[in-house]
Amino acid sequence: MGRILVTGGTGYIGSHTIIELFNNGYEIDVLDNLFNSKETVLDKIEKIVGKRPIFHKIDLCDYDKLEKLFKNNQYDLVMHFAGLKAVGESVEKPLKYYENNVGGTVNLLKCMQKYGVNKIIFSSSATVYGEQPIAKLDETMQTGVGITNPYGETKHVIEEMLKDMADSNSEFEAVILRYFNPVGNHPSGLIGEDPNDIPNNLMPIIMKVSRGEIKELSVYGDDYPTPDGSGVRDYIHVVDLAKGHVAAIKAMEPGILIYNLGSGKGTSVFEMIKAFESASGKKLPYKITGRRAGDLPEIYADPRKAEKELGWKTELTVEDAMRDTMSYLNSL
Ligand code: WQD
């Protein structure tokens, strides 16, 4: 396996994964439309690993440009991170999400098919599990029922497209990686979650509160049936997540493989606030508000399948993520 095309490679998870791919000797091209990221992240990657991916500023919705890229380059595998991911925005603008996430992936898969690229690793999400009777989620569970937002629906539709592609082509190989809640950043502090848009997720909001860009954190409910009443999630350090992608490459085979990438441990919002405060050495201003529509009380991964079949499990903790977040914040 040599040459990998990373879509969305200037984004948060894509950029961290590129570092691990370079560390494992792969050659990398990056495709990104820079809608929610900056090209300067490539300079930082080069500073960290001493190598720079070849960059192509292309939007997956631009079929002609995408097709030309595949025509002029021979890729062994595609790692597909590109997509819009603001849950709240997806509720307001569903078509934008279906066009970009699903439409863009259709274009990508058409080009792969046309040029004989039969391997893809897809950045999916625990959101595809929708409503479940229990908090601990494993890969045997039904997906696509009770998904509360178009963003999650697009991830589910793309998973189904990949399954159908594998059914129609015996040489097609896909690994679907269902992320839980990525947090933290590279210990160098040079790269981190730096979205152009207004963040939805807890950690980027905590980071903006700590920088004074947002007055205080709204804790969306403290009346959940959880130990301290606040929502519980499975926060996975993005460097562990990136390493999971390298492990997935080595396991690829014809057909579909599906893995949860999570720590298997639940952490509450109040525990995240406390962990951030001990890393930053200062209080984080917050207020308690009502629950956010669509939020579930508790979600965390059953990580056993990835450990058994990929030989991968998380090694870093929430405290490591907070420490690395502080290195990033201090570098800004
Ligand atoms: C985490 C916890 C909130 C913000 C979503 C997507 C999922 C994945 C991760 C991409 C919850 C609470 C949050 C705030 C808060 N994204 N919270 N105040 O909802 O678990 O998952 O992001 O793949 O697909 O669905 O993540 O970070 O939004 O929320 O109290 O300002 O923090 O209620 O308990 P979530 P989140």
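Before we start, one definition: when I say that two residues touch, I mean that they have heavy atoms within 4.5 Å. Also, please keep in mind that this is a predicted model.

Let's open with Leu-66, which you can find in helix α3, residues 63–72. Is Leu-66 buried or exposed? Its relative accessible area is 0%, and buried means under 20%, so Leu-66 is buried. And which residues does Leu-66 touch, leaving out those up to four places away in sequence? They are Leu-31, Ile-58, Leu-60, Asn-107, Leu-108 and Cys-111. While you have that region on screen, look for Gly-104 too: Leu-66 and Gly-104 are 38 residues apart in sequence, and their C-alpha atoms are 9.9 Å apart in space.

Now let's move to Ile-54, in strand β3, which covers residues 54–57.

Residues 12–23 make up α1, and helix α2 takes residues 41–49. Two packed helices are described by the angle between their axes and the distance between the axes. Here α1 and α2 pack at about 35°, with their axes 10 Å apart, and their crossing is right-handed.

Who meets whom in that packing? From α1 we have Ser-15, Ile-18, Ile-19, Phe-22 and Asn-23, and across from them in α2 are Val-41, Ile-45, Ile-48 and Val-49. By type, the residues of this contact are 7 nonpolar and 2 polar, with no charged ones. For the spacing, remember that an α-helix has 3.6 residues a turn, so residues three or four places apart point the same way.

How much of α1 is covered? Mostly covered is the answer, with 11 of its 12 residues buried. Among them are Tyr-12, His-16, Glu-20 and Leu-21, as well as Ser-15, Ile-18, Ile-19 and Phe-22.

A quick check on the length of α1: at 1.5 Å a residue, its 12 residues should span 16 Å, and the end C-alpha atoms are 17 Å apart, so the two agree. Finally, step just past α1 and you reach Gly-25, which takes a positive phi of about 85°.

Thanks, everyone, and I'm happy to take questions!

Technical notes
Residues are numbered from 1 along each chain as its sequence is written. This is a predicted model: local features need pLDDT of at least 70, side-chain atom pairs count only at pLDDT 80 or more; totals for chains, interfaces and linings use all residues. Side-chain values use heavy atoms; hydrogens and water are left out. Axes are lines fitted to C-alpha atoms, for helices over the stretch in contact, and angles run from 0 to 180 degrees between N-to-C directions. Helices (H or I, at least four residues) and strands (E, at least two) are DSSP runs, numbered from the N terminus. A crossing is left-handed if the near helix is turned anticlockwise from the far one by less than a right angle, and right-handed if clockwise. Ala, Val, Leu, Ile, Met, Phe, Trp, Tyr, Cys and Pro count as nonpolar, Asp, Glu, Lys and Arg as charged, and the others, Gly among them, as polar. The expected span of a helix is 1.5 Å times one less than its number of residues. Buried means under 20% relative accessible area, exposed over 50%, partly exposed in between (1.4 Å probe, protein chains only).
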